[in-house]
Number of protein chains: 2
Amino acid sequence: MTKICTYQFEEYLRFVESFHGAVAPGVAAGGFMVDLAMSRMPEGTLFDAICETTACLPDAIQLLTPCTVGNGWLKIFNFGRFALSLYDKYKGEGVRVFLDPVKLEAWPEIKAWLFKLKPKSEQDKEVLISQIEQAGHSVCGLQPVRVKAQYLEKKSRGRITTCTVCHEPYPARDGVVCRACQGQAPYISFTPSGQYWD
Amino acid sequence: MTKICTYQFEEYLRFVESFHGAVAPGVAAGGFMVDLAMSRMPEGTLFDAICETTACLPDAIQLLTPCTVGNGWLKIFNFGRFALSLYDKYKGEGVRVFLDPVKLEAWPEIKAWLFKLKPKSEQDKEVLISQIEQAGHSVCGLQPVRVKAQYLEKKSRGRITTCTVCHEPYPARDGVVCRACQGQAPYISFTPSGQYWD
């Protein structure tokens, strides 16, 4: 039986569905990638994770490792590459796992999905998930990495102060008012009475 | 009994512990914030989430709503403000929930935590979690928001091509080689045989 960490493959797919909302190919393939990376971490290592895409893969990492976005152990660098690294959180030494295009030649549905060679409507999801299961680790590339020192230090937000515009706390180093009140908010907000606020 | 969405408070704390790795005050308080925001969304609304900090709060959103980082329904704008918005993913209309500093005056441990008024070692975590439970929604501020149109559109990564340096697929719009190979990688990588790669 195919396993991903402690889960049977089918069991993992149900877990993915409940968290991610659907059995996404990216979280399925990501499961094998995380499984492979974890198998290379020396026993007892406290590790952090780096994910090189926002698509799907962060959820495989969050489901299978102790690393989440909210606890700060998973950092996302959105390079649009389907790859992840796990590394010793103090020393920075670890492994990077990616889907190797050469190895994907044997798996046309996986290759078509990764390279977006056909529109999603033409994807045969059943075949795709089945190829992902059959391929398992065999389509993964693995390389040693050493995370640069500046990314190992936990960044403190520094002193917290009150924004004179919104009156909410924010990191003082961001300037005289918070970054949202500097115009970076992705929304227009209103007072509870419905007045324009932004 | 205090409830957070469908969970008893204690049950929610165990859920937080298993996902986030610890009963963090931010995920506990965040639970009430998400619960309040969800209660204001009209029945049946398909909603997305915006979180204004990377600290703790994204995990409350990921645990209690269908929105995760990996499925793209949760977006993080790291303003260092402890606030979240849920909004209709097509119309952009929704609510923003934040911790209101005025209302926190009655809850000194919560205020001290949010404004980082004392070092973590001096925090009385039991009192803090207990105050978070007792305060519940009462320390939250709520305001209507309308998310700007450009943030409602799903951003496609566009055409995928092969990087001539690392030979991995990446979004063609990023340039002639992928962003990691342009020097943005947070790590030094090696070939599997141990040769320097970056």
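Colleague: Which residue of E5(A) stands opposite A:Phe47?
Modeller: A:Asp88 stands opposite A:Phe47 in E5(A). Bear in mind that this is a predicted model.

Colleague: What makes E3(A) and E5(A) a strand pair?
Modeller: Two strands pair if at least two bridges are found between them. E3(A), residues 47-51, and E5(A), residues 83-88, share five bridges. Therefore they count as paired. Their sense is antiparallel.

Colleague: How do you know that E3(A) also pairs with E4(A)?
Modeller: By the count of bridges again. Three bridges join E3(A) to E4(A), residues 74-76. At least two are needed, so this is a pair. These two strands run parallel. In this pair, A:Cys51 stands opposite A:Ile76 of E4(A).

Colleague: Why is E3(A) called largely enclosed?
Modeller: Because five of its five residues are buried. A:Phe47, A:Ala49 and A:Cys51 point one way from E3(A). A:Asp48 and A:Ile50 point the other way. Residues on both sides of E3(A) are buried.

Colleague: What do E3(A), H3(A) and E4(A) make together?
Modeller: They form a β-α-β unit, and it is right-handed. H3(A) covers residues 57-64.

Colleague: In what order do the strands of the open sheet run?
Modeller: The order is E4(A)-E3(A)-E5(A)-E6(A)-E7(A)-E10(B), six strands with mixed pairing.

Colleague: Which are the edge strands, and what makes them edges?
Modeller: E4 of chain A and E10 of chain B. Each pairs on one side only. From one strand to the next, the twist averages 25°.

Colleague: How do you know that E10(B) pairs with E7(A)?
Modeller: Three bridges join E7(A) to E10(B), residues 187-189. The cut-off is at least two, so the strands pair across the two chains. They run antiparallel. A:Val145 stands opposite B:Ser189, and A:Arg146 stands opposite B:Ile188.

Colleague: How many residues does each chain bring to the contact?
Modeller: 58 from chain A and 58 from chain B. On the side of chain A, E7(A), residues 140-147, gives the most, with six residues. That side divides into 32 nonpolar, 15 polar and eleven charged residues.

Colleague: Why is A:Cys181 called buried?
Modeller: The cut-off is 20 or more other C-beta atoms within 10 Å. A:Cys181 has 21, so it is buried.

Colleague: Where is A:Cys181, and which residues does it touch?
Modeller: A:Cys181 sits in H6(A), residues 180-184. Leaving out residues up to four places away in sequence, A:Cys181 touches A:Cys163, A:Val165 and A:Cys166. The C-alpha atoms of A:Cys181 and A:Ala60 are separated by 35 Å. Along the chain, those two residues are 121 residues apart.

Colleague: How does the domain assignment divide chain A?
Modeller: It gives domain 1 as 3-151 and domain 2 as 156-198. The C-alpha centres of these two domains of chain A lie 36 Å apart.

Colleague: Why is H3(B) called largely enclosed?
Modeller: Because eight of the eight residues of H3(B), residues 57-64, are buried. Among them are B:Leu57, B:Asp59, B:Gln62 and B:Leu64.

Colleague: What covers the buried residues of H3(B)?
Modeller: The cover includes two helices of chain B, H1 (9-20) and H2 (25-39). It also includes strands E3 (47-51), E4 (74-76) and E5 (83-88) of chain B.

Methods: Residues are numbered from 1 along each chain as its sequence is written. Chains are lettered from A and ligands numbered from 1 in the order in which they are written. This is a predicted model: local features need pLDDT of at least 70, side-chain atom pairs count only at pLDDT 80 or more; totals for chains, interfaces and linings use all residues. A residue is buried if 20 or more other C-beta atoms lie within 10 Å of its own, exposed if 12 or fewer, and partly exposed in between; C-beta atoms are placed from the backbone. Helices (H or I, at least four residues) and strands (E, at least two) are DSSP runs, numbered from the N terminus. A crossover is right-handed if, with the strands pointing away from the viewer, the path from the first strand over the helix to the second runs clockwise. Domain bounds come from an automatic or database domain assignment. Two residues are in contact if their C-beta atoms, placed from the backbone, lie within 7 Å. Ala, Val, Leu, Ile, Met, Phe, Trp, Tyr, Cys and Pro count as nonpolar, Asp, Glu, Lys and Arg as charged, and the others, Gly among them, as polar. Axes are lines fitted to C-alpha atoms, for helices over the stretch in contact, and angles run from 0 to 180 degrees between N-to-C directions.
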